[in-house]
Amino acid sequence: MAQLGTLDKNLPADSATEDRATEVLLAAADLIYRQGFDATSMNEIAEAVKLTKAGLYYYTKGKGDLLYKIMNYAMERVERDIIVPCSAIVDAEDRLTQIIRKHVDAIIVTGGAITILTGEVDKLAESENRAILARKRLYLNLVRDTLAELKKENRLRDLDIKIASLNMFSTILGVARWHSASGRFSSKRITDETLRFILSALLNPD
């Protein structure tokens with residue numbers, strides 16, 4: 001993500017606006033992820049994205065609307081970068097491998113924008129809550145169906161599929177808690193080791 005305030009001035013106006021809006025969402029998501037939705041003020045978000053409070057309202061109608069925009073952006077990323085390409089993979093183990101790899105990569109790129117989906121959904125309006133939960137359920141079903149295929153093929157350890165899928169997501173989402181762009185571990189190493197860790201827990205060694 002480009003640093004705030006350093007957008008390419010040669011971009012077409014609509015592209016620059018879209019990029020800036022994405023910056024606002026990701027910065028706000030990171031702040032809300034670290035502090036919690038209720039503890040984060042619009043003033044703090046505006047300061048984090050180097051906007052006046054009035055300027056922030058160019059991108060959102062309010063904090064609740066901003067939270068929904070963050071979650072909608074995150075689900076679009078999940079659908080585009082994980083669900084669609086991984087659903088097309090025939091082999092269940094290959095599909096699971098790519099789901100994990102792509103999700104960890106998404107966590108590293110977007111930080112709180114993905115993880116915020118789990119903890120703050122109940123802060124949304126009822127209709128928005130239902131819409132986000134329905135989209136999350138599609139992703140969860142993809143993972144559970146993949147694990148069910150592996151179990152049928154005797155490639156999954158003796159695990160409950162529901163518990164296994166939730167533990168898998170907990171591990172992936174936990175990366176955001178300790179990952180730092182300035183840390184000593186490269187993104188590739190984090191992804192590779194997280195992938196090996198999860199696969200070793202789920203798959204039969206044979």
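In this predicted model, helix 5 covers residues 92-110, and at 1.5 Å a residue its 19 residues should span 27 Å; the end C-alpha atoms are 27 Å apart, which agrees. At the start of this helix, the backbone nitrogen of Glu 93 has a side-chain oxygen of Asp 91 within 3.1 Å. Just past the other end of helix 5, Gly 111 adopts a positive phi of about 60°.

The buried residues of helix 5 are Ala 92, Arg 95, Leu 96, Thr 97, Ile 99, Ile 100, His 103, Val 104, Ala 106, Ile 107, Ile 108 and Thr 110. An α-helix has 3.6 residues a turn, so residues three or four places apart point the same way. One of the buried residues is Ile 100. Leaving out residues up to four places away in sequence, Ile 100 touches Met 168, Ile 172, Leu 195, Ile 198 and Leu 199.

**Nonpolar core**

The largest nonpolar core has 61 residues, and those touching the most other members are Ile 70, Leu 96, Ile 100, Tyr 139, Leu 147 and Met 168. Two or more residues of this core come from each of helix 1 (13-35), helix 2 (42-48), helix 4 (63-87), helix 5, helix 6 (112-119), helix 7, helix 8 and helix 9 (187-202). Helix 4 gives the most, with 11 residues.

**Helix 9**

Helix 9 has 16 residues, which at 1.5 Å a residue should span 22 Å; its end C-alpha atoms lie 23 Å apart, which agrees. Its buried residues are Ile 190, Thr 191, Asp 192, Thr 194, Leu 195, Ile 198, Leu 199 and Leu 202. Helix 5, helix 7 and helix 8 are among the elements that cover them.

**Aromatic rings**

The whole structure holds 2 aromatic pairs, listed below.

| Pair | Centre to centre | Angle between planes | Type |
|---|---|---|---|
| Tyr 58 and Tyr 59 | 4.9 Å | 90° | edge-to-face |
| Tyr 139 and Phe 169 | 5.2 Å | 70° | edge-to-face |

Tyr 139 belongs to helix 7 (residues 126-152) and Phe 169 to helix 8 (residues 161-178), so this pair ties together parts that are 30 residues apart in sequence. Tyr 139 and Phe 169 are both buried. In the other pair, Tyr 58 is exposed, with a relative accessible area of 61%, whereas Tyr 59 counts as buried at 19% relative accessibility; the cut-off for buried is under 20%.

A ring also takes part in a contact with a charge: the charged end of Lys 63 sits over the ring of Phe 37, 4.5 Å from its centre.

Asn 129 is part of helix 7. With 16% relative accessibility, Asn 129 counts as buried. When residues up to four places away in sequence are not counted, Asn 129 touches Val 121, Asp 122 and Leu 124.

Leu 159 is located in the loop between helix 7 and helix 8. Its relative accessibility of 27% makes Leu 159 partly exposed, since that class lies between the 20% and 50% limits. Apart from its neighbours within four places in sequence, Leu 159 is in contact with Lys 151, Ala 164, Ala 201 and Leu 202. Of these, Leu 202 is one of the buried residues of helix 9. The C-alpha atom of Leu 159 is separated by 30 Å from that of Asp 122, which is 37 residues away along the chain.

Note on methods: Residues numbered from 1 in each chain as written. Predicted model: local features only at pLDDT ≥ 70, side-chain atom pairs only at ≥ 80, totals over all residues. Heavy atoms only, no water. Helix = DSSP H or I, 4+ residues; strand = E, 2+ residues; numbered from the N terminus. Expected span 1.5 Å × (residues − 1). Buried < 20%, exposed > 50% of the residue type's maximum accessible area, 1.4 Å probe, protein only. Polar contact = N/O pair within 3.5 Å; in protein donor to acceptor, adjacent residues only side chain to side chain. Phe/Tyr/Trp six-rings, centres within 6.5 Å; stacked < 30°, edge-to-face > 60°. Lys NZ or Arg CZ within 6 Å of the ring centre and 35° of its normal. Contact = heavy atoms within 4.5 Å. Core = buried A, V, L, I, M, F, W, Y, C linked by side-chain atoms within 4.5 Å.
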